[in-house]
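Me: Could you walk me through how to read a few features of a fold? I would like the general idea and then the case at hand.

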Amino acid sequence: MDTPIYDFVKDYAARRGVRLHMPGHKGRPLLGCEEWDITEVAGADALYEAEGIIARSEQNAAALFGSGATFYSTEGSSHCIKAMLHLALQCRRREAAPVIVAARNVHRSFVHAAALLGFTPLWLQPEGGSGSVCSCPVTPEGLELALEEMTVVPAAVYLTSPDYLGGMADIAALAEVCHRHGTLLLVDNAHGAYLHFLPRPIHPLDLGADLTCDSAHKTLPVLTGGAYLHIGKNAPGEMAKRAKSALALFGSTSPSYLTLASLDLCNACLAGDYAPRLSKTAAELDGVRARLRWAGWTVEQSDPLRLTLTAPAGRTGTELSQILRDGGVECEYADEKHLVAMVTPENTPEELWRLPALLGENRAPARETELLPPLRAERVLSVREALFAPAERVAREEALGRVCAGPTVACPPAIPIVVAGERIDRSALELLARYGVEWVDVVIE
């Protein structure tokens with residue numbers, strides 16, 4: 001597969017011409033990569049008006065993912081989330097309301113988008129309960145009931161899958177429910193860009209989603225910030241035409257060509273031996289999971305490239321992460337209950353097998369699951385009104401009865417304990433304490 005962005009940047013760097021243009025380093029090294037860090041010079045195309053090398057590279061990506069159209073971002077899925085919500089609102093059916101039905105474990109960029117775009121989020125609570133703010137299971141039956149009870153047709157349903165612990169929704173069945181009710185399915189697939197390249201593709205696009213975002217940099221060999229906005233083949237035709245303007249609405253006019261070049265090179269990687277390497281890595285990780293279970297650890301069900309452990313009684317996930325850190329292994333996430341490790345084909349088998357070697361055997365039972373209470377705080381203001389209102393930061397205990405003005409959980413994507421515009425009650429304070437939130441932004445009344 002050709003790599004037009006990478007080839008152009010490489011050739012431009014090799015010319016070693018006089019750079020009387022941005023950036024200010026002029027291609028001279030402090031880090032060593034500056035000669036590859038260019039701007040929209042002649043021939044370099046422009047990300048939001050792509051007609052040349054960037055357009056060709058995005059078409060390559062669309063062919064690889066089997067999408068209706070794929071567009072690049074150098075600002076991560078946070079950028080793409082805002083753009084796809086804007087597209088859903090712009091291209092909604094005439095009878096649909098500016099309402100997004102969302103599982104509550106959203107990335108904070110969803111809440112920011114609600115403020116910027118002015119839509120109303122209607123929250124889906126975890127079905128069957130959840131022991132972590134990172135998970136919000138939604139079943140097709142639960143979604144069906146929620147949509148049947150609505151008095152309006154929502155612009156879209158929005159889900160996070162895989163979630164931060166690796167939990168995966170039944171996207172195919174959920175998409176069927178959405179489409180039967182005349183609405184779109186949007187999926188924050190930030191942690192699952194690789195899913196299309198498994199022996200049985202299970203990317204949300206493969207399963208019927210209309211719009212998805214992928215953080216390429218999370219699971220593919222792409223520099224930080226590289227992301228995709230995918231339009232499904234059966235999504236409204238206007239979406240692909242408006243996608244660039246939607247991205248431009250929220251994105252910088254100075255995209256990183258280092259990151260664009262890495263997205264471009266990733267196409268060649270995906271078109272090459274990536275799929276068999278991915279399959280081999282997933283099988284190797286299955287072996288690691290089996291060894292840990294044999295050694296007495298509680299291994300949660302998760303997406304194929306994630307290892308999620310539940311800490312045993314008397315210990316915390318944070319303590320387990322320190323054991324691994326002391327052994328030279330840094331994991332993705334740890335809290336009181338869980339430890340999460342993210343794996344890709346760039347990890348060697350030797351690296352993966354260090355996990356059971358360092359953790360050893362465990363004979364304590366798993367920690368008891370303490371389910372979160374339903375998070376149904378009183379809505380006093382819209383998200384937009386609350387986020388743009390004058391605000392102050394107060395100690396957690398002083399926030400009782402006040403109206404939340406900003407995010408209340410540090411780890412994205414996670415269930416906001418209180419969303420901007422909701423009143424903070426006693427149960428919310430208890431959860432804030434449980435997750436170590438000491439300060440809260442509240443609206444000045």
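Reply: Gladly! This is a predicted model, where local features need pLDDT of at least 70 and side-chain atom pairs count only at pLDDT 80 or more, while totals for chains, interfaces and linings use all residues. Residues are numbered from 1 along each chain as its sequence is written, and side-chain values use heavy atoms, with hydrogens and water left out.

Me: In what order do the strands of the open sheet of 4 strands lie?

Reply: Strands of a sheet pair through backbone hydrogen bonds, either parallel or antiparallel. Here the order is β8-β9-β11-β10, with antiparallel pairing. Helices (H or I, at least four residues) and strands (E, at least two) are DSSP runs numbered from the N terminus, and two strands pair if DSSP finds at least two bridges between them. β8 (298–299) and β10 (333–334) stand at the edges with a single partner strand each, so one side of each lacks a neighbour in the sheet. Strands β9 (residues 306–310) and β11 (residues 338–342) pair over 5 bridges, and Leu309 has Leu339 in β11 as its bridge partner.

Me: Which strands does helix α10 touch?

Reply: Contact means heavy atoms within 4.5 Å. Helix α10 (residues 274–294) packs on the sheet, touching β8 and β9, and its direction makes about 15 degrees with that of β9. For such angles, axes are lines fitted to C-alpha atoms, for helices over the stretch in contact, and the angles run from 0 to 180 degrees between N-to-C directions.

Me: How many residues of β4 are buried, and which strands does β4 pair with?

Reply: In β4, 7 of the 8 residues are buried, so the strand is largely enclosed by the rest of the structure. β4 runs parallel to β2 (residues 96–103), joined by 5 bridges, with Ile100 opposite Ala156. Another 5 bridges join β4 to β5, also in parallel.

How values were computed
Buried means under 20% relative accessible area, exposed over 50%, partly exposed in between (1.4 Å probe, protein chains only).
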